[in-house]
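Reader: I'm new to this one. Can you walk me through it?

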Amino acid sequence: MSRLSVALIALVALVIGIVIAINIAPPKGSEVQYIKLYPQARALPEFTLTDSDGQVLTNKNLQQQWTLVFVGYTFCPDICPTTLADLSSIYPQLQSIDSQYPIKVAFISVDPARDTTERLAEYIDFFEPDFIAATGQHADLFPLVRAMGMMYSNSQSTDDPNYLVDHSSSVVLINPQGNVIGRFKPDFTSGKVPVSDSKRILHDMSILATE
Amino acid sequence: MPGVRRANADDTSDAVALVLSSAPVALERLFSQQTEHNNYHAKSFLIRAFAQKAGQFGYGNHWVIEIDNKIAAIGCGWQFEMGEAYVKATLESMTSYYQGVDVLEVLHRCQALQPVFARPAADELCVGHIGVAEAFQRQGLCSQLLAHLESTAYTLGKRKLTLDVKQDNAGAIDCYQQFGFELVRITQDTSIMSLGTYVHMCKLL
């Protein structure tokens, strides 16, 4: 083979390589923009909750999957229904992300006194039957929510049947190892109910879950 | 960096301007009113009230940062039990400014805001009247004040630092979030004052 042929083949290979790199390789700059990543992934304490089917839910149930976790309560007048409605609106797109691990959404109620299994099931089915919903005792809930980087407290006496529960409005992300890696904070700029922006969640999840 | 100190009566003029800036619409709608015989202004009321030591608007309940002989920042903290003298002095500051039955309208408006600005729980220190003069904004004074109030909360054995802020007050919310406050509740004023939407924020200690 002549030197010219070798050079031509090398040139063609180079051009093909460049074309492939431009068209097939992931575009540069696809980095997460909105999630506030914790400096390092945090392990969750051992917990035992009960889900809306009455089944036990432990750390193991949040492994081998990506889980977007939101804490709240079914009597919540604004933050919870808005967040869950937003998350259900992006759920089909979350499911279509080509991820090695499935992407799940979990709602953890921090109001076990009123959020019975039946009520949780009815509530979560209204938004998206595939969402996980669970609650448990405060001895499990409080350290779990704190470890995720969130908080909740009963701001009013529970003697009043319509008491409100104060709770974080962020959505946190648990990785397939079952560790919390960061959170999406509420967006105050929209002028609407300040909750985590679902489009931002979708944007970052499409990158995080395919890395 | 200048330290945080207790306010005194000499601070009144600067301090009241900053207190007013912390919630201009709410304070205006609470304390300015026109009756048949009198014209009341929030600023005049606050100047009189701040010049006294005791009470909700008295200087004794406020902390300030002074820079170049100017009050650059102000804030205060409320707890569940403020004491009988505090309540009495707050009422006196109102009855001495609002003539006769005119004070009843002010008290009625204060009461109407209770669902929005709930009384702090026993384990909370609620931060309020946070104001930073325009010339001194974005220099960390808000965080410095909050840090001071946080250490006060620790000293008092509290477990939470809380506050209420107007939902559209982006600059303040930004500072509070950076300090570790989280949105935990949304409240809507449905009174005749129509103050709009507030967010209740909390930092666990």
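Reader: Leaving aside neighbours within four places in sequence, which residues is Cys80(A) in contact with?
Author: Gly72(A) and Tyr73(A), once neighbours within four places in sequence are set aside. Two residues are in contact if their C-beta atoms, placed from the backbone, lie within 7 Å.

Reader: Before more, what should I know about the model and the numbering?
Author: This is a predicted model, where local features need pLDDT of at least 70, side-chain atom pairs count only at pLDDT 80 or more, and totals for chains, interfaces and linings use all residues. Residues are numbered from 1 along each chain as its sequence is written, while chains are lettered from A and ligands numbered from 1 in the order in which they are written.

Reader: Back to Cys80(A). Buried or exposed?
Author: Cys80(A) is buried, because 23 other C-beta atoms lie within 10 Å. The cut-offs: buried means 20 or more other C-beta atoms within 10 Å of the residue's own, exposed means 12 or fewer, and partly exposed is in between, with C-beta atoms placed from the backbone.

Reader: Where does Cys80(A) sit?
Author: In helix α2 of chain A. Helices (H or I, at least four residues) and strands (E, at least two) are DSSP runs, numbered from the N terminus. Helix α2, residues 79–95, lies across β4, β5 and β9 of chain A, at about 165° to β5(A). For such angles, axes are lines fitted to C-alpha atoms, for helices over the stretch in contact, and angles run from 0 to 180 degrees between N-to-C directions.

Reader: Which residues does the "binding site" annotation cover?
Author: In the unreviewed UniProt entry, Cys76(A), Cys80(A) and His167(A). UniProt positions are given in the numbering used here, feature names are shortened, and annotations may be inferred rather than shown by experiment.

Reader: And what is the contact list of His167(A), not counting residues up to four places away in sequence?
Author: His167(A) touches Val71(A), Gly72(A), Val110(A), Tyr152(A) and Val184(B), with residues up to four places away not counted. His167(A) lies in strand β8 of chain A. His167(A) is buried, because 29 other C-beta atoms lie within 10 Å.

Reader: New topic. What is the strand order in the chain A sheet?
Author: β1-β10-β9-β4-β5-β6-β2-β3, eight strands in an open sheet with mixed pairing. Two strands pair if DSSP finds at least two bridges between them. The edge strands are β1 and β3, each pairing on one side only. The twist averages 35° from one strand to the next.

Reader: How do β9(A) and β10(A) pair?
Author: Antiparallel, over four bridges. They form a hairpin with four residues between them, and Gly178(A) in the turn has a positive phi of about 85°. Val172(A) has Arg183(A) as its bridge partner in β10(A).

Reader: What about the faces of β9(A)?
Author: Both are covered. Val171(A) and Leu173(A) are buried on one side, Val172(A) and Ile174(A) on the other. β9(A) also pairs with β4(A), antiparallel, over three bridges. There, Thr67(A) stands opposite Ile174(A).

Reader: Over to chain B. How many residues of strand β6 are buried?
Author: Nine of its nine residues. β5(B) runs antiparallel to β6(B), joined by five bridges, and β7(B) runs parallel to β6(B), joined by four. Cys126(B) in β6(B) stands opposite Trp78(B), and its bridge partner in β7(B) is Thr162(B).

Reader: Last one. How many residues does each chain give to the contact?
Author: 15 from chain A and 15 from chain B.
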